Amino acid sequence: MSYRCVNTDCPNHTAAFPLEAAKNLTFKCFLCQSKLSEPPLELTTVIDSIDTLPATLQIMPKLQQLLGDINSSMGNIVLLIEKDPTLVSHIVKLSNSAYYSASSYCLTVEEAMNRIGFSEAYKMIGLVASGQVLSDELEIYGLSPDELWEKSVLTATLMQFLSHRSKSLKNYSMPVGGIAYTVGLLHSIGQMLINHYHINTGISALDGLTEKLTPQKEDELLGFDNYEAGALLLQKWNFANDLTRPIKFQDVPEAAGKDEVMASLLSICKQAFADLPRQMIKTQIRTLYKNYEPNAKLMDIAKIEKDDLFEGLTEAVNEYDTLAKSLKD
């Protein structure tokens with residue numbers, strides 16, 4: 001944390017006074033007596049604070065390319081996966097779990113891959129990667145790691161389901177289900193980034209914050225929000241624009257250009273899980289259907305019917321519960 005003179009004509013405007021030095025000067029420039037303050041936080045500074053990309057997450061953009069290549073084989077995918085021993089062990093374990101209704105036991109990643117197939121392998125890698133990345137307590141957002149992972153997986157599963165029901169998703173070169181799943185899974189990664197920077201470096205604008213941090217509050221205090229931060233971080237990690245634009249514009253889908261449909265889908269899905277408690281989806285789905293109205297404009301953009309949304313909600317919750325149980329066994 002450093003301070004500088006707010007007077008742009010003062011030589012100390014480009015200085016970097018440590019906090020203690022600024023305190024000793026009572027936060028006044030000794031040359032011109034103007035105020036000493038922190039320079040505005042640059043988003044690129046926050047992005048650059050993340051030096052290393054988790055190994056499993058590195059695989060996702062490469063696997064996405066393989067899934068979009070008709071010449072790819074299961075062998076190509078296995079070679080990619082084998083580079084990460086942690087991922088291999090998770091894939092073998094999950095392929096033998098109730099999640100995949102295993103009737104025989106897999107011993108190798110090749111056997112596991114042949115059981116679950118291309119698209120499920122990508123999904124599983126995303127689950128493992130998100131579990132590694134979204135693992136911090138997000139105190140400034142009022143989210144525990146379990147809550148963050150749950151909302152990410154539920155949103156991803158619902159997005160994948162609805163991507164196959166949408167009559168508007170036609171302009172993607174890669175498999176649309178994989179794109180939708182990844183967008184849903186990583187749509188909150190900007191929150192992780194801002195939280196990580198605040199814990200490790202400190203953001204004085206957030207000191208003493210008593211309410212949960214919202215995108216509107218982020219814009220006011222930081223000059224950027226977690227959507228923009230997450231999209232830029234994923235670009236740094238070589239994720240395609242097809243994935244990053246819907247995340248950046250998830251609250252303003254009309255600004256996403258050719259990715260307006262995917263951004264609309266994300267907005268619909270995350271809002272549904274924000275509005276509808278998971279247990280009520282399992283036990284009172286008919287009551288929820290009668291009383292809940294999704295955003296009509298976004299539903300029209302995505303060409304999604306209300307019946308599709310509620311069928312997807314039920315499937316996503318049931319799938320999540322089975323997955324969560326399998327991971328605990």
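Here are some questions and answers about this predicted model.

Me: Which element gives the largest share of the lining of the largest pocket?
Reply: Start with the pocket itself, which holds about 730 Å³ of space. Of the 26 residues that line it, the closest to its centre are Leu-143, Lys-151, Gln-191, Lys-270 and Ala-274. The largest share, five residues, comes from α7.

Me: How many residues of the lining of the largest pocket are charged?
Reply: Sort the lining by residue class, and you get 10 nonpolar and nine polar residues. The charged residues in that lining number seven.

Me: Are helices α6 and α8 roughly parallel or roughly antiparallel?
Reply: Two packed helices are described by the angle between their axes and the distance between the axes. For α6 (residues 109–133) and α8 (residues 176–186), the axes sit 10 Å apart and the angle is about 10°. Angles under 35 degrees count as roughly parallel. That makes the arrangement of α6 and α8 roughly parallel.

Me: How many residues in the contact of α6 with α8 are charged?
Reply: On the α6 side, the contact uses Tyr-122, Lys-123, Gly-126, Leu-127 and Ser-130. These meet Gly-178, Tyr-181, Thr-182 and Leu-185 in α8. By class the contact residues divide into four nonpolar and four polar, and the charged count is one.

Me: Is the pair of Tyr-3 and Phe-27 stacked or edge-to-face?
Reply: A search of the whole structure turns up five aromatic pairs, and Tyr-3 with Phe-27 is one of them. The two ring centres are 5.4 Å apart, with the planes at 65°. Planes over 60 degrees apart count as edge-to-face. So the pair of Tyr-3 and Phe-27 is edge-to-face.

Me: How many residues apart are Tyr-3 and Phe-27?
Reply: Tyr-3 belongs to strand β1 (residues 2–5), while Phe-27 is in the loop between α1 (19–24) and β3 (36–37). The pair links distant parts of the chain, and the separation in residues is 24.

Me: Where is Gln-33 found?
Reply: Most residues other than glycine have a negative phi. Gln-33 has a positive phi of about 70°, although it is not a glycine. Its place in the chain is the loop between α1 and β3.

Me: What value is the phi of Asn-238 near?
Reply: Asn-238 lies in the loop between α11 and α12 (241–248). Asn-238 is a residue other than glycine with a positive phi, near 70°.

Conventions
Residues are numbered from 1 along each chain as its sequence is written. This is a predicted model: local features need pLDDT of at least 70, side-chain atom pairs count only at pLDDT 80 or more; totals for chains, interfaces and linings use all residues. Side-chain values use heavy atoms; hydrogens and water are left out. On a 1 Å grid over the protein atoms alone, a cavity is a set of points where a 1.4 Å probe fits but cannot get out, and a pocket is an open set with protein on both sides within 12 Å along at least five of seven lines; lining residues have an atom within 4 Å of a point. Grid points are joined across faces, edges and corners, and a volume is the space filled by probe spheres set on the points. Helices (H or I, at least four residues) and strands (E, at least two) are DSSP runs, numbered from the N terminus. Ala, Val, Leu, Ile, Met, Phe, Trp, Tyr, Cys and Pro count as nonpolar, Asp, Glu, Lys and Arg as charged, and the others, Gly among them, as polar. Axes are lines fitted to C-alpha atoms, for helices over the stretch in contact, and angles run from 0 to 180 degrees between N-to-C directions. Angles under 35 degrees count as roughly parallel, over 145 as roughly antiparallel, 65 to 115 as roughly perpendicular and the rest as oblique. Contact means heavy atoms within 4.5 Å. Rings of Phe, Tyr and Trp (its six-membered ring) pair if their centres lie within 6.5 Å; planes under 30 degrees apart count as stacked, over 60 as edge-to-face and the rest as tilted.
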